[in-house]
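Hello,

Here is the structure I promised to pass on.

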Amino acid sequence: MKILILNGPNLNRLGTRKPEIYGSRTMAQILLEIQRNWPDVHFVYKQSNHEGDLIDWIQEPNGVAGIVLNAGGYSHTSVALRDAVEESEVPVVEVHISDIHAREPFRNTDLLADVCARTIIGHGTDGYKEAVEHILSLAGC
């Protein structure tokens, strides 16, 4: 089984960018923990600061069972990304590390939530593990 993990803009700085909001764990650390928890699952990780890359990757899932998506700021602004998620052939589970509803008003809007299989908000970087668990449960694992 293969699961795609996608991170959007600024998440390449996870672990160093605003650790009081996003934590001090790097994506490499998070991925290592995920792989240790599910050694039989093949995880493909991609990150881009460019909206079109995320859309392309969602539209071409290449045999994945599901997608874990932290779209960063695009969650609040991108109708194009929303359309790609809505048309995805596999379940997409959205992750927000912070509680977007407790932050600036512009972050309260989540254009992706109603087209995702599930949205995980404010569970820190553990949200990635929860998203993987949800995709595995949908796949009957």
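To start with a term: a cavity is a set of points, on a 1 Å grid over the protein atoms alone, where a 1.4 Å probe fits but cannot get out, and lining residues have an atom within 4 Å of a point. Points are joined across faces, edges and corners, and a volume is the space filled by probe spheres set on them. The largest cavity holds about 30 Å³, and N10, L11, R13, L14, R17 and Y22 line it.

This is a predicted model, in which local features need pLDDT of at least 70 and side-chain atom pairs pLDDT 80 or more, while totals for chains, interfaces and linings use all residues. Residues are numbered from 1 along each chain as its sequence is written, and side-chain values use heavy atoms, without hydrogens and water.

There is also a pocket to look at (an open set with protein on both sides within 12 Å along at least five of seven lines). The largest pocket has about 210 Å³ of space. Its lining counts 15 residues, with Y22, N70, G72, G73 and R107 the closest to the centre.

Now the sheet. Strands are DSSP runs of E with at least two residues, numbered from the N terminus, and two of them pair if DSSP finds at least two bridges between them. Five strands form an open sheet in the order β2-β1-β3-β4-β5, with parallel pairing. β2 (42–47) and β5 (118–121) are at the edges with a single partner strand each, so one side of each has no neighbour in the sheet. Five bridges join β1 (residues 2–7) to β3 (residues 66–70), where G66 is the bridge partner of I3.

Best wishes

Notes: Helix = DSSP H or I, 4+ residues; strand = E, 2+ residues; numbered from the N terminus.
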